[in-house]
Amino acid sequence: MSAEKYLVGAARCESYDPREVELALSLALRKAGARLPEGGEVLIKTNMLAPSAPDKAVTTHPEILRAISRETIKKGNSVHIADNPGYIFSDKNNLLNATGVGALASDSIKTGILSDLGVRGIRRDSFRVLEEARISSRYLDAAFVINAAKLKTHVETEVSCCIKNIFGTADTATRKKCHSSRSQSVLAEAITDLFIIRPPEFNVVDAVLAMEGDGPSYGKPRKTGWILAGANALAVDWAASTIMCYGNPLKIPLMKAAASRGIGPKDKSQIELAGAAWEDLPSVGFKKSTSLLRLFPTFLRGWAHSFVTLRPELKTEECIRCGICGRVCPVDAIKCPPGEYPAINRPSCVKCLCCHEMCPTGAMAVGRNLLASLAGRQHRPSR
Ligand code: SF4
Ligand code: SF4
């Protein structure tokens, strides 16, 4: 590898058969030139967004985590697998059991919630959006972090992979702050503020079963059959967005924001893909999110937000009046008086769809705007 190139390893993996995953993961690490530490504790920052079964493709698959752990333990390390779940999932046992992560626990592997040792406030002059970010102390203090991301579409950031996965290291208040703007670009810069605090030492992407459509929670699983790996998160995300057929990754606001901070490649020629050819990666017919924002140039997206983004729509017949939507809304646009249905203050709503993501019954559905309807796209919640 020439000095200025970012190395990304790619390996085909058609299923979550443990032996196949082990071999593919080992190959991807080797192709990526992985240098794992020896004799310490390694934090595997997984994606454990919700208590969702592995076949829903919401979370990093436990067989991927098992294979990463195995490679890490071979070097004499112990492993801690952890994440902060979505705002409302406070039942740790349910989360660990449903995602299959809890079953990985052993003498050498601990599993748990990332912020169970508390959070620390971080301020950086280089922040472009946030004044302060409150980040898991366990993550900040880890000697070596492997970022184990799931490849998913995302209704706001378009791609959820390595850089977006680090969003989960922040506490609820910080994540709400990031979501509180109408601008997709501001969210992208805020997530990048979080990422630069403490970039992971290594990244692995579970793209065996990805998510297409309206991710990160309500899209559909889509078999893509790859494991990606590399030391540079932006370079790995570049390859991941190629699998999703996103064209020029620098048109995705999150990747553009990350590239503008100088944390990775600014051009495909700066990436060396090992184990596959670029033309082998794309998954034909991969469905992107319903949001049409990506059709607009970045500088028009703030204006276009009102016309082309999805908005929450309450289906009262499915609402159990639990009030969760009101608690997760980052801008307090939902009022939920006890025992009553929630009421959305439309002018205040920034259409982040956090209420939709976290509603336990699907009662907070998404409504299509006129342009999305004209585009003939459909939103079909998958769980
Ligand atoms: S819309 Fe969903 S989250 Fe909100 S009160 Fe009803 S059931 Fe609860
Ligand atoms: S009402 Fe829902 S979509 Fe609107 S800002 Fe609040 S959480 Fe986001």
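How many residues surround ligand 1, and which are the closest? I started my notebook there, keeping in mind that this is a predicted model.

**Entry 1: ligand 1.** I counted 14 residues around ligand 1. The closest are Cys319, Cys322, Gly323, Cys325 and Cys359. Sorting the shell by class, I got eleven nonpolar residues, two polar ones and one charged one.

**Entry 2: a pair of helices.** I then turned to helix H8, residues 233-243, and helix H9, residues 253-260. Their axes lie 11 Å apart, and the packing angle is about 155°. Angles over 145 degrees count as roughly antiparallel, so I wrote H8 down as roughly antiparallel to H9. I also noted that the crossing of H8 past H9 is left-handed.

Which residues of H8 and H9 meet? From H8 I found Leu234, Asp237, Trp238 and Ser241, and from H9 I found Met255, Ala258 and Ala259. I put five of the residues in this contact down as nonpolar, one as polar and one as charged.

**Entry 3: the whole protein.** The protein has 383 residues, and I found 58% of them buried. Last, I checked contacts between residues at least 6 apart in sequence: 74% of these join residues at least 24 apart.

Notes
Residues are numbered from 1 along each chain as its sequence is written. Chains are lettered from A and ligands numbered from 1 in the order in which they are written. This is a predicted model: local features need pLDDT of at least 70, side-chain atom pairs count only at pLDDT 80 or more; totals for chains, interfaces and linings use all residues. Side-chain values use heavy atoms; hydrogens and water are left out. Axes are lines fitted to C-alpha atoms, for helices over the stretch in contact, and angles run from 0 to 180 degrees between N-to-C directions. Helices (H or I, at least four residues) and strands (E, at least two) are DSSP runs, numbered from the N terminus. Angles under 35 degrees count as roughly parallel, over 145 as roughly antiparallel, 65 to 115 as roughly perpendicular and the rest as oblique. A crossing is left-handed if the near helix is turned anticlockwise from the far one by less than a right angle, and right-handed if clockwise. Contact means heavy atoms within 4.5 Å. Ala, Val, Leu, Ile, Met, Phe, Trp, Tyr, Cys and Pro count as nonpolar, Asp, Glu, Lys and Arg as charged, and the others, Gly among them, as polar. A residue is near a molecule or strand if one of its heavy atoms lies within 4 Å of it. Buried means under 20% relative accessible area, exposed over 50%, partly exposed in between (1.4 Å probe, protein chains only).
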